[in-house]
2 protein chains.
Amino acid sequence: MPEPEPPPPQPELTFLLGMGFQLLLAEFDARVAERGYGDLRPIHGLAFQALRPAGATSSELAARLGVTKQAAGQIVDDLERRGYVRREPHPAGGRRRLVVLTEAAHRHLAVAGRVLHALEAELGDRLDVSELRADLERLVGVLADGRPLPPLRPVW
Amino acid sequence: MPEPEPPPPQPELTFLLGMGFQLLLAEFDARVAERGYGDLRPIHGLAFQALRPAGATSSELAARLGVTKQAAGQIVDDLERRGYVRREPHPAGGRRRLVVLTEAAHRHLAVAGRVLHALEAELGDRLDVSELRADLERLVGVLADGRPLPPLRPVW
DNA sequence: TCCGTGAGTAAAGCAGCTTTACTCATCCGT
DNA sequence: ACGGATGAGTAAAGCTGCTTTACTCACGGA
């Protein structure tokens, strides 16, 4: 019989990472949606975190999210229409405008944080999460190879 | 001073999974591209794997990739134009057509396999990959909760 | 024979971006 | 004081990789 090419020997590490991320994020997203935030995608949560401490301009937001400033501007437009952010005059003046979170966004961050920690705690009952976390930190450290981590993006 | 919400305590597990996947896939993709396959995206590799043993109809391919049959049809059209697959009459007749891999696709699978294993071997020199793999298998098992694993998709 | 079923195709629509091309306000060097 | 250069923001079109809607066609069985 013909022997075309060796099959992947085990579940590939790359595959497992992707599948783990996909399943965990899906579960997180479903639970957050259950709590009334079905209108927010992961990128919105990342935007909230990027804006958390004191706000930012949409150009700064663009850099932190790894998208163009036009895309960031569209995200901010969308979030503003839905009451999650406000645009305020920028203290440094110029053409800048400071994008800041509203109370609604802070409430979402609090809920999302609680959901995430509850989820990790549940996982902690079934496997050694701290070992996994330590291994992943090493993996990320090795692959980043001294460079700063790029923004987290939809991958492909 | 106001105390808005607790900051995430550590690098979140979800974040680390996503970042690990993103970095590892990017490195894999770059190395495969260096070997002359810059024209193939991850979805094409997944399609090759789904078609490997004896080919499949494009509807079967759609199911395995988790996309509509129209999307699978477009992927097949694209791969056919570029010489990675052929459409043959289906032995079971009907309107079906069997999509099979050409030698070019088998060569790509062989190259991609070697690159992936080399990459994992390099990581193995710097961290305990088998422990990580075992942890990830447990994580995926817990999150899948008895259900079959869904197709791997771009996540968000 | 006719109908149901499932494969495949065609065309339009859509989300979420990027690219290209600008407008403005401020800053800095002369 | 002035004339760029710089960087924020906006506008509009384009693009990719899908989905949705709507068919056509071949076969299989009642």
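Helix α4 of chain B, α4(B), contributes the most to the surface near DNA strand D, with 3 residues; a residue is near a strand if one of its heavy atoms lies within 4 Å of it. This is a predicted model, in which local features need pLDDT of at least 70 and side-chain atom pairs count only at pLDDT 80 or more, while totals for chains, interfaces and linings use all residues. Residues are numbered from 1 along each chain as its sequence is written, chains are lettered from A and ligands numbered from 1 in the order in which they are written, and side-chain values use heavy atoms, with hydrogens and water left out.

- Of the atoms of DNA strand D within 4 Å of the protein, 51% belong to sugar and phosphate.
- By class, the residues of this surface are 2 nonpolar, 8 polar and 8 charged (Asp, Glu, Lys and Arg count as charged).

- A phosphate oxygen of DNA strand D lies 3.1 Å from a backbone N or O atom of A:S59.
- For A:R97, a backbone N or O atom is 2.8 Å from a phosphate oxygen of DNA strand D.
- The side chain of B:R95 has an N or O atom 2.5 Å from a sugar or linking oxygen of DNA strand D.
- Two or more residues each come from α3 (58-65) and α4 (69-81) of chain A and from α4 (69-81) of chain B (helices are DSSP runs of H or I, at least four residues).

**The two protein copies**

- Chain A can be laid on chain B with an RMSD of 0.0 Å by a turn of 180 degrees and a shift of 0.0 Å along the axis, superposed by least squares on the C-alpha atoms of residues with pLDDT of at least 70 in both.
- The two copies are thus related as by a two-fold rotation axis.
- The copies meet through the same surface, because 100% of the interface residues of chain A are also interface residues in chain B (contact means heavy atoms within 4.5 Å).

Note on methods:
A polar contact is a pair of N or O atoms within 3.5 Å; within protein, one must be able to donate a hydrogen and the other to accept it, and residues adjacent in sequence count only if both atoms are side-chain atoms.
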